[in-house]
Amino acid sequence: MSEALTDLKTRLSTVRDLTSSAAVLDWDQETYMPEGGTEARARQSATLQRLAHEMFTSDETAGLLETVEPVTDLDADLLRVARRDLDRERRIPSGLVAELALATGRARDAWRHARDADDYPAFEPHLARIVDLCIRKAEAVGFRDSPYDALVDEYEPDMTTARIAEVFGELKTELVPLVETLAGASDPAGAAMLHGPFPPGAQWDFGMQVLKDIGFDFERGRQDRSAHPFTTTFSISDVRLTTRIHPDHFSPGFFGSLHEAGHGLYEQGVDPDLEGTLLADGTSLGMHESQSRLWENQVGRSRPFWERYLPRLRTAFPDRFAPVEIDPFLRALNQVRRSPIRIEADELTYNLHIMVRFEMERDLIEGRLAVRDVPRAWNDRMEEALGIRPESDAEGCLQDIHWSTGILGYFPTYALGNLMSAQIWRALRCDVPDLDDRIRQGEFGPMLDWLRTQVHRHGRRRSADRILRDTTGHGLGSGDWLAYVRTKYGGLFGVNLDGPAT
Ligand code: ZN
């Protein structure tokens, strides 16, 4: 190996050590750090991030990346991904990065107050500033058709605004009438069985047992509690999940855990040869979300899964679930309800919430929507997509933290992940024909092995598009997801949901 290549790899691995160490500090802040630590921790985190950024974007790193030649295929992938990341980071002027950090630092507090007081005008100047800075960032990064492309690319490499609009458009046409039918067929009273006192200790133990059963490796990871559930990775052999237990509601804690474990299994499944390199990550946020949704929805809200676990749930919560039969239980878990709030949304309506946000962001960034018109445009789109009009901005355009943190372009990846999860699920079921029986027996090994081989182990070496094409035979689309929900919900609620043949 050339000396230059060794030098470059050492530099990249030092950058990785710095960002992984910053992740440890952030995880600690969200889980165990006493409040008094806040100020020093913010400084320490910022120092590590700054050192990592300076080292990665330095002339030395850039010079090495320009000249070195790969020896192995792995080197070639590492160089390709590093060049891509560096090119993007170096295009954004450090002055703009600082302006964004300052603006979002102020906007987060302003957003919290504005939401609590239902006062959009108080947040409007902050949002206007962030939209303006995001447009400048898009112009600095460069784009072909839409400035929004440049923002999406940070989270979903190679995805375009036009392609998202096309896929979402097809999906919306089919989904709006499906939701209409199913919201009518649902039984809101039945969902009450999931509410009421659920002792937190028993919730924690039940969730931990399921995580062990599905294959999350507790020798190489942990679960802790935090206010907002998340997954973070310090190395392939140290992946941290967090969850939040609600003493009066069973679903958020359990399905939150299962969701984060899906992210964690992806991170633990990356090829150990990639350890310490920037390839040891999910290939895109959409693909990452496909893994969490697969375990949360396709597995965790399915009949075979609860044929195994409902007897265990009855034992864990005899007061609540002893008399419950599987059919009403499954209908309660899969209730379709039109709520103005995204994080309360079910598997079906969730995608409609995301489409509203995508259209809003795209129009703001393309200059077709003025920031002062956001509340009205939001409510109009909610009415069009979900048939409901939020009663306040707190329940409307102020509900999400995302815009105040400056991450425009991120929302679409949630729905892209849902679509990918159904495509991958269909391919998995073809290759593991007795999957339902295996799940019923609590044997998750064949499923996890398949996911590791097809998706996890590649890390960032393969694009999301390549993984989809290799495993399913075609690129991103909505057909598999629609077929999956038609079969599942049609059976559950006894309604005919046949759509056009796909
Ligand atoms: Zn997620």
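The lining of the largest cavity holds four nonpolar, six polar and no charged residues. Here Ala, Val, Leu, Ile, Met, Phe, Trp, Tyr, Cys and Pro are nonpolar, Asp, Glu, Lys and Arg charged, and the others, Gly among them, polar. The model is predicted: local features need pLDDT of at least 70, side-chain atom pairs count only at pLDDT 80 or more, and totals for chains, interfaces and linings use all residues. Residues are numbered from 1 along each chain as its sequence is written, and side-chain values use heavy atoms, without hydrogens and water.

The count is two cavities of 30 Å³ or more. A cavity is a set of points on a 1 Å grid over the protein atoms alone where a 1.4 Å probe fits but cannot get out; lining residues have an atom within 4 Å of a point. A volume is the space filled by probe spheres set on the points, which are joined across faces, edges and corners.

| Cavity | Volume | Lining residues |
|---|---|---|
| Largest | about 50 Å³ | Q203, W204, G207, M208, Q223, T243, I245, G253, F254 and S257 |

Helix α9 gives the largest share of the largest cavity's lining, four residues.

The zinc ion has protein donors H259 (NE2), H263 (NE2) and E289 (OE), at 2.1 to 2.3 Å. Donors are N, O and S atoms within 2.8 Å of the metal (3.2 Å for Na, K and Ca); water is not among the atoms, so sites may look incomplete. Their spacing is H-x3-H-x25-E. H263 in helix α10 and E289 in helix α11 (residues 285-299) are 26 residues apart. Helices are DSSP runs (H or I, at least four residues), numbered from the N terminus. H263 is buried at 11% relative accessible area, and E289 is buried at 7%. Buried means under 20% (1.4 Å probe, protein chains only).

Notes: On a 1 Å grid over the protein atoms alone, a cavity is a set of points where a 1.4 Å probe fits but cannot get out, and a pocket is an open set with protein on both sides within 12 Å along at least five of seven lines; lining residues have an atom within 4 Å of a point. Helices (H or I, at least four residues) and strands (E, at least two) are DSSP runs, numbered from the N terminus. Buried means under 20% relative accessible area, exposed over 50%, partly exposed in between (1.4 Å probe, protein chains only).
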